[in-house]
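Notebook open, structure loaded. I'm jotting down what I looked up, entry by entry.

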Amino acid sequence: MRLICRADVKESKHVKSRRTRRWLALMLTVPGLVAAQAAAQADQNYSQQVFFENSLSPGNYYYSSGRASAPSTLYLVDGKLPIETRSFISGPNALELRWDSAPEGGWSAELNLYKWRNRPPEFPGANLWLWLCAPQGISAKDLPKLALRDTDHNFTSPLAIGDYAPDLIPGKWTRVSIPLSAFQTASIYPFEPHRINTLVFVQGADDAAQHTLYVDDIRIEDDPPANEAAPAAPQDVVARGYERHIDISWDAEEDPALAQYVIYRSEDGQPFQAIGVQRPGVNRYCDYTGNPHMTATYRVTARTSSLLESAPSTPATASTHPMTDDELLTMVQEASFRYYWEAAEPHSGMARESRPGNDDMIALGASGFGIMAITVAADRGFITHQQAIDRLLKITSFLEHADRFHGAWPHFLSGTTGHVMPTFGMYDDGADLVETSFLMEGLLAARQYFKADGPSGRKLYDRITQLWEGVDWEWFRATPRRDALYWHWSPDYSFYIANRLTGWNEVMITYLEAIASPTHPVPASLYYTGYTAEGTGHVYGRPHTYYGITVNMDYVPGSPGPLFFTHYSYMGYDPHGRRDKYADYFENNRNEALMSQAYSIANPLHMKGYGADCWGLTAVDGPDGYDEYKPFVTDDGTIAPTGAISSFAYTPAQSMLALKHFYRDLGAQVWSIYGFRDAFNEQENWYSGITMGLNQAPQVVMIENYRSGLIWKCFMANPEIQAMLKKIGFQPAQP
């Protein structure tokens, strides 16, 4: 019989921890929705302490690998370390090492750091901490060795874990601390102990015996304070049932000792069992059960990394239940909207680049999309109109004082200072016209929606108008020919990044707004000389047929491009019933979505999971980093739910197939507190650990444009927009 490990922190002198979390909690009370805004530095501290917490992938941990040399053996699942789901410290799983160390053999297993966007590669703590458990017990001398590698590939000599660990008692979790100073450089350049990228477990004693070791909750921390105490119990726990999951939320804890929230579940009066953890600064958990007919009761505790745990919260009970298509749409909209409400940067109220991610990094384009999502939320009753206006007044006040360059904002701003964050290098220290146009798309839609909401609505209208009139679009005609707009301008390097805005891509909205500007417009002719680039040799509007579906826009030869091209410019701009000389863009965008589904049905590269209900190639971070993911050109099996779900306004039946599959069949890995995760790849058994600001709001907005046309109506109601379309020469489209 296999023993399941239990944690007993009182029996080991090796149990230590560190508390350096210092964060600020800002609570917002929302009717029908407990919205606790993320703490200002919670993810930043989390990223500088936690190396491994749990695996999103079922069966094995994607960011691991291993190899054995006979006669030694190492158990792997598809070349990666398996996971243990019955015994863990940080639920719902732990890593499993299973080996046989034989004389003249060898084995090693690598555990790599998951690098989400803009994660700072810096661990300031002094010690490496690991929770270990051996179901059958292991003597210290038989434990593996451990080597480290940093972000520059410098490495250490293997060090015996047993020199720092006691004999492991069967079934008991024990925390082990190893000083980073104990690891000695073995590479030609010095190992950087605070920039750890890889842990390498190595064969130790060649005892020719089978061993199993569970490893969990790996952190880099200092020693704990001598008077460390358990945090206070979380308050006001609320559970709310949906079709296949129950959402649990609670009030924020401000204790700097807090390392994790622990969520416990009880079914049918059975004892409470830990089912998962949540990081500080996030006061919500998704329990995806997959069962549409269940009732469960939940408790939440707060604990330190050495498992000093609070008393449990007051219990909360909820039930899952079947949901109609309309209810499922509302569920997706509300969950995705939370990204911009609960996870917003607290000083500015604007959208962060990703969660988890850099706490201080505001994304301007994502914030514009988020403003449209907030508008939908007010209309749907997720928040009140006044709550939405108050948030938008906070955002616009921040924008008034933030860095601007000829009226345009950068791609990224610091939420605490309002200064530019040159994330893409030294030349990216100024204006980003495209991100500014995305921001303005949201602001103009909100300007029209809230303008009748009393004095505060009028104040918001006037403030947005002032921001709108302050953008000097004309400045961004960079070259002597002045026949196009350019993406970037730097106060130090001018137009060094000479990125001419030419389609087919996401920048149509930039030209539309530049021509519509009431104060600094560009000539309407730039739509054709710049965006469509007539007379330059650039091919625009060339019809091509794929799987019997004709699209008017090839992005590159043989591919119409990623689906976000059909979303970003068309969240506010309504392409219904009008066309330029090249295309009816509603018809083109619908056909691009249909073609994307047809590509997945045909599945020419035989990717796992593809089909009529699993489609949506678009730009996203995949297993190997960012890619545009274009059909026929770049496809490694990565699907981004935003691709299909944000196409709802064009292909509601096909998008609903995808929504139900993503939620009902893949929800355990794909659904989260902010709706669908950023991406997944069944071919590689990879699931994104982040949610991105650019990808959640398009789902909210384009579902709403399908349901009511709300954001289309609001944006198009701006008087400058209709005049701009006449200047360009848009004509009524044929029925």
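Predicted model: local features only at pLDDT ≥ 70, side-chain atom pairs only at ≥ 80, totals over all residues.

**Leu74.** I started here: Leu74 is buried, at a relative accessible area of 13%. Buried means under 20% relative accessible area, exposed over 50%, and partly exposed in between, with a 1.4 Å probe and protein chains only. Leu74 is found in strand 6 (residues 73-74). Helices (H or I, at least four residues) and strands (E, at least two) are DSSP runs, numbered from the N terminus. Leaving out residues up to four places away in sequence, I listed what Leu74 touches: Gly66, Arg67, Ala68, Leu97, Arg98, Trp99, Trp107, Ser108 and Ala109. Contact here means heavy atoms within 4.5 Å. I also checked Leu74 against Met595: they are 521 residues apart in sequence and 44 Å apart in space, C-alpha to C-alpha.

**Ground rules.** Residues are numbered from 1 along each chain as its sequence is written, and side-chain values use heavy atoms, with hydrogens and water left out.

**Helix 7.** Is helix 7 enclosed or open to the outside? I found 9 of the 9 residues of helix 7 (residues 508-516) buried, so this helix is largely enclosed by the rest of the structure. The buried residues are Met508, Ile509, Thr510, Tyr511, Leu512, Glu513, Ala514, Ile515 and Ala516. They pack against helix 5 (433-449), helix 6 (454-469), helix 8 (526-531), helix 9 (585-602), helix 14 (710-716) and helix 15 (719-728).

**Helix 2 on helix 13.** On the helix 2 side, the contact includes Asp326, Leu329, Phe337 and Tyr340; on the helix 13 side, Leu694, Val700, Ile703 and Arg707 are among the residues involved. By class, I get 10 nonpolar, 6 polar and 3 charged residues in this contact. For the classes, Ala, Val, Leu, Ile, Met, Phe, Trp, Tyr, Cys and Pro count as nonpolar, Asp, Glu, Lys and Arg as charged, and the others, Gly among them, as polar.

**Charges over rings.** I looked at two lysines. Lys80 lies over the face of Tyr62, at 4.7 Å from the ring centre, and Lys581 lies over the face of Tyr528, at 4.6 Å from the ring centre. The test is NZ of Lys or CZ of Arg within 6 Å of the ring centre and within 35 degrees of the ring normal.

Which residues does a cis peptide bond join, with omega about 15°? Gly91 and Pro92, and Pro92 lies in the loop between strand 7 (83-84) and strand 8 (94-100). A cis bond also joins Arg355 and Pro356, with omega about -10°; I place Pro356 in the loop between strand 23 (354-355) and strand 24 (361-363).

Asp217 has phi near 50°, lies in strand 15 (residues 210-221) and is buried at 0% relative accessibility. Asn603 has phi near 45°, is in the loop between helix 9 and strand 31 (620-622), and is buried too, with a relative accessible area of 11%.
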